[in-house]
Structures are given as structure tokens and as C-alpha cells.
Amino acid sequence: DGIDCEHAMAQQDMNICADKDYRVADAALNRAYKKAIAGLEAGDRTLLRDTERAWIAFRDAQCRFEASPNQGGSIYPLVYAGCLSELTRARTKQIEAGQQ
């Protein structure tokens, strides 16, 4: 796409870069989750799956709240994606540390 995310200046480019960053964070979370769930017994897999679904709902709601002052503005996607990235990276660290 030709966007230099290290030096993005236009709001649209920054929004695209923030979304890309979130996708990288989400992929890392998915890898950590799959690794963690593979090592669990059936009952614990169900608990982790349910926990992860609840966490995703929390993360998405939290980020909508954090970005809400910017609703309708061109910066909203940047703020929302930045929040998603931050919380997703924190969750990945929790899972990797065995603190599901």
C-alpha cells in the first residue's frame, strides 16, 4: 500500500497504520491463545474459551468508551485501534505468563 508507518503524517495514513498494528497484536494473541489452549484438559479449555470471549467483549467495549470523545471525528479509528493494540498486547502477556 506504500504507506510508511514510521513517518505517517496524514490522519488517514495514521489510521491505516494503527489498524495494521492492531492486526499484528491480534495475530500474536491468537498464537498465544492456541498454544495455551492446546495444553489444557477439556474443562480448562472450556473455561479459557469462555474467559477469552468475555475478555474480547470487555476489550471492545473499553476501547469504544476510550474513543467515544472522538466519535465522528477522523481520529476515532486511530484512538480505537491504539486501544485495541494496547489491551491485546497486555492480554497476550497474561496468557503467555499462564495467567489466563
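## Exercises on a predicted model

The structure holds 1 aromatic pair (Phe, Tyr or Trp rings, the six-membered one for Trp, with centres within 6.5 Å). This is a predicted model: local features need pLDDT of at least 70, side-chain atom pairs count only at pLDDT 80 or more, and totals for chains, interfaces and linings use all residues. Residues are numbered from 1 along each chain as its sequence is written, and side-chain values use heavy atoms, without hydrogens and water.

**Exercise 1.** Classify the pair formed by Y76 and Y80.

*Solution.* 
- Take the centres: they are 5.9 Å apart.
- Take the planes: the angle is 5°.
- Apply the classes: under 30 degrees is stacked, over 60 is edge-to-face, the rest is tilted. Y76 and Y80 are stacked.

**Exercise 2.** Check the span of α3.

*Solution.* 
- Expected span is 1.5 Å times one less than the number of residues.
- For the 21 residues of α3 that gives 30 Å.
- The end C-alpha atoms are 30 Å apart, which agrees.

**Exercise 3.** Describe the surroundings of R59.

*Solution.* 
- Locate R59: helix α2 (residues 42-67).
- List contacts (heavy atoms within 4.5 Å), leaving aside neighbours within four places in sequence: Y22, D26, L84, L87 and T88.
- Among the buried residues of α3 are L84 and T88.

Key
Helices (H or I, at least four residues) and strands (E, at least two) are DSSP runs, numbered from the N terminus. Buried means under 20% relative accessible area, exposed over 50%, partly exposed in between (1.4 Å probe, protein chains only).
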